[in-house]
Amino acid sequence: MTYIAKPRLHHPSLTPNKVGYTRRDYEGKVSTLCAGCGHDSISAAIIQACWELDIQPHRVAKLSGIGCSSKTPDYFLGASHGFNSVHGRMPSVLTGANLANRELLYLGVSGDGDSASIGLGQFAHAMRRNVNMVYIVENNGVYGLTKGQFSATADKGSKSKKGVVNNDSPVDLVGLAMQLGASFVARSFSGDKAQLVPLIQAAMQHGGAAFIDVISPCVTFNNHAGSTRSYDWVREHNEAVSRIDLILGRQEITVDYAPGEVIDVEQHDGTILRLKKLHADYDPTDRVAAMAYMQGHAAKGELVTGLLYLEAEAGDLHAAQNTSARPLNSLGTAELCPGVAALDKLNAGWR
């Protein structure tokens, strides 16, 4: 039950991070999702990512819409700011909050129904404006709260639990994010924690719109033969193009990866993204080539995962709009409402 908080007692042997929090401090309430739901694995990955990055929970603002996925912010970062908006409207609410207070880390959690149907326009504008946020879509291809109808991301030809075939073409949120101008685009699988945690960490350090599409099987309505969102199907068709390692303060983290070409990309804040390419012909800094690569593999029935595109020097919405360096919520009445004289001067400049 979501109204039941987890006990606040901590085991004395839990290791604190550099800001004094244990992993337990980044958890939330008890999950009410179905046992085995991929969404709970994503929540666990977010918890681990924030703990390892030494993020103070009160510096995070988590926002969501409506759906199984949009319930999950209640299950992680219980001490963070949170807002559950209406169906599909999370991006605009987050954009407004970001413009008012740029000092928080904004984490938007949505689903394939929430973002690819009623919220598709909201998703598009958040990406093209490069709002400084981490946008995670927990993608299971069905409407889990309303008994498993196909969502807009369901693959054409896939079958429902009752054997109905989907005849509609899918909305590719990853392809849309790239086309619309997102500066960090990735796809992962809820069952691949080794890939997902570093991707979330890198997205949190990025200085623009960071979009992660996470295939997250619905164990109740979409984990059967004929589904292209089941655990077995994703594991059999997963085509990883890269493994990622995030290096903070230039202190290398040792991780075992498959051999391949190594690319170090320095971001605006000095963090290093170390990409170990599993495919020598893949360039994650070429937007057009990355889109063509994904479409080619999709035509072969392969699901491309990893860090798919990165624009290291991307500017965010604040840079594009030349907003105040001070958060708007810290400005006084005299600064926000300078009076008639200032308005007349502004209007004169447009004549």
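Both faces of strand β3 are covered in this predicted model, with Leu105, Leu107, Val109 and Gly111 buried on one side and Tyr106, Gly108 and Ser110 buried on the other; buried here means under 20% relative accessible area, exposed over 50% and partly exposed in between, with a 1.4 Å probe and protein chains only. As 7 of the 7 residues of β3 are buried, the strand is largely enclosed by the rest of the structure. Helices (H or I, at least four residues) and strands (E, at least two) are DSSP runs numbered from the N terminus. Residues are numbered from 1 along each chain as its sequence is written, and side-chain values use heavy atoms, with hydrogens and water left out. Local features need pLDDT of at least 70 and side-chain atom pairs count only at pLDDT 80 or more, whereas totals for chains, interfaces and linings use all residues.

Strand β3 belongs to an open sheet of 8 strands with mixed pairing, in the order β2-β1-β3-β4-β8-β7-β13-β9, where two strands pair if DSSP finds at least two bridges between them. The edges are formed by β2 (81-84) and β9 (238-240), each of which has a single partner strand, so one side of each is left without a neighbour in the sheet. Neighbouring strands of this sheet are turned by 20° against each other on average, direction ignored. Strand β1 (residues 60-64) runs parallel to β2, to which 4 bridges join it, and serine 64 stands opposite asparagine 84 in β2. Strands β1 and β3 also run parallel and are joined by 5 bridges, with valine 60 opposite leucine 105 in β3. A further 5 bridges join β3 to β4, again in parallel, and serine 110 has valine 137 in β4 as its bridge partner.

Strand β8 pairs with β4 in the parallel sense over 7 bridges, valine 134 having alanine 210 in β8 as its bridge partner. Strand β7 (residues 184-189) pairs with β8 over 6 bridges, also in the parallel sense, and arginine 187 stands opposite aspartate 213 in β8. Because 7 of the 7 residues of β8 are buried, this strand is largely enclosed by the rest of the structure; Ala209, Phe211, Asp213 and Ile215 are buried on one side, and Ala210, Ile212 and Val214 on the other.

Helix α1 (residues 38-52) lies across β3 (105-111), β4 (133-139) and β8 (209-215), and runs at about 155° to β4; axes are lines fitted to C-alpha atoms, for helices over the stretch in contact, and angles run from 0 to 180 degrees between N-to-C directions. Helix α5 (residues 120-128) packs on the sheet and touches β4 and β8, its direction making about 135° with that of β8. Contact means heavy atoms within 4.5 Å.

The axes of helix α6 (residues 173-180) and helix α9 (residues 287-299) come within 10 Å and cross at roughly 165°. Helices α6 and α9 are therefore roughly antiparallel to each other, a term for angles over 145 degrees, with those under 35 counted as roughly parallel, 65 to 115 as roughly perpendicular and the rest as oblique. Val174, Gly175, Ala177, Met178 and Gln179 in α6 meet Arg287, Ala290, Met291 and Met294 in α9.

Across the protein chain there are 12 helices and 13 strands, and 49% of the 351 residues count as buried.
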